[in-house]
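Here is a short tour for anyone opening this model for the first time. Have the sequence and the 3D view ready, and follow along.

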Amino acid sequence: EAACPGVRRRDLVDALWDLFWNGEVTNDSGAALRARSIDPAKSPGQRFAAARTGRHRSRLDIPLDAVGRFSLLTPVPAASTQSLLAAVEQWISRHGVLTREAISAEAKEGGFSAAYSILRALEERGQVRRGYFIEGLGALQFADPAAVDRMRELKDAGTGGFAVVLAATDPANPFGVTLPWPAWCEGQGERRARAHVVVADGDLTALLFGDGARAIVHLPEDRAESDRLARASGLAIASWMRRRALRIIGHENQEAPLNRSMMAKELGRAGLIPSGPGFRI
């Protein structure tokens, strides 16, 4: 405050937090971050008060989100080996099996060629494995050893009929990054907010838009395969709705009603009730 006369204390604290979120400064106390994250609307008005009064009382009369000491962080060059190593390790953790397509989607500069030397060094140190793990995705694949073991367990178990609903932007969703969107998506497939995908045994069976307000369903022509994937997808959608506290789904499906789709029967078996063109809990 002495160095910036005429500037309010709250403005200074907010400026420090802007620098903090931008990765330019840090704080040596977790209390400030805790105060800022618990209730940002209230913390600016609260004060950290001393247990007793005295002549040093005014020094402690500061906002809760400003306790501790802020200090500058040493910047790391964007193109340094250190920053690239950190990025590659994050990609491996995020994807499990890192392919050329995934690296091209993640990397801002250099693409696969810039990351390859790092991946080769990690392979020599035994931190990643190189192999042909996923059929049809090219020979240069690098995987986390734990991910390889997990895939082997699933393959040996021979389990089927498992489905999950994922946010379209979730790194676990391979479509649009590692895998191309299927032809039936007709340009609707997009990794954007409030869009979700239903993946059953590796097949994309449905697209959900607007948190389920509109749905596009696609199942294989083979009746047995279609029934199996529809059953798994219906259970996954019903579980996702309960987890997200969504009461209705597919209510904007006017042209292709969800309650007349190939998945309608299994959605009913999963506990959903027809409501207009969609279903509700």
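## A hairpin to start with

Strands β10 and β11 run antiparallel and are joined by four bridges. Two strands pair if DSSP finds at least two bridges between them, and the element names stand for DSSP runs numbered from the N terminus: helices are H or I with at least four residues, strands are E with at least two. Across this pair, Leu-207 sits opposite Ile-216 in β11. The hairpin has four residues between its strands, and Gly-210 takes a positive phi near 60 degrees there.

A word on the ground rules: this is a predicted model, where local features need pLDDT of at least 70 and side-chain atom pairs count only at pLDDT 80 or more, while totals for chains, interfaces and linings use all residues. Residues are numbered from 1 along each chain as its sequence is written, and side-chain values use heavy atoms, with hydrogens and water left out.

## A three-stranded sheet

Next, look at the open sheet of three strands, which come in the order β12-β14-β13 with antiparallel pairing. Strands β12 (248-249) and β13 (273-275) are at the edges with a single partner strand each, so one side of each has no neighbour in the sheet. Three bridges tie β13 to β14 (residues 278-280), and Pro-274 stands opposite Phe-279 in β14.

Helix α1 (residues 9-21) packs against helix α2 (residues 30-38) at an angle of about 100 degrees, and their axes are 13 Å apart. Axes here are lines fitted to C-alpha atoms, for helices over the stretch in contact, and angles run from 0 to 180 degrees between N-to-C directions. The two helices α1 and α2 are therefore roughly perpendicular, a label for angles of 65 to 115 degrees.

Which residues of α1 and α2 meet? From α1 come Arg-10, Val-13, Asp-14, Trp-17, Phe-20 and Trp-21, and they meet Ala-32, Leu-33 and Arg-36 in α2; contact means heavy atoms within 4.5 Å. By class, that makes six nonpolar, no polar and three charged residues. Ala, Val, Leu, Ile, Met, Phe, Trp, Tyr, Cys and Pro count as nonpolar, Asp, Glu, Lys and Arg as charged, and the others, Gly among them, as polar.

## The largest pocket

On a 1 Å grid over the protein atoms alone, a pocket is an open set of points with protein on both sides within 12 Å along at least five of seven lines, a cavity is a set where a 1.4 Å probe fits but cannot get out, and lining residues have an atom within 4 Å of a point. Grid points are joined across faces, edges and corners, and a volume is the space filled by probe spheres set on them.

The largest pocket holds about 1400 Å³ of space. Its lining has 31 residues, with Ile-134, Met-151, Leu-154, Ala-172 and Gly-202 nearest the centre. Two or more lining residues come from each of α3 (81-95), α6 (145-157), β8 (163-167) and β9 (196-200). Helix α6 gives the most, with seven. The pocket lining splits into 19 nonpolar, seven polar and five charged residues.

## Two cavities

There are two cavities of 30 Å³ or more. The largest cavity has a volume of about 40 Å³, and β10 gives the most to its lining, with three residues. Trp-181, Gln-188 and Phe-209 are among the residues lining this cavity.

The second largest cavity has about 30 Å³ of space. Its lining includes Ala-206, Val-217 and Met-263, and by class the lining has nine nonpolar, no polar and no charged residues.

Terms used: Parallel < 35°, antiparallel > 145°, perpendicular 65-115°, else oblique.
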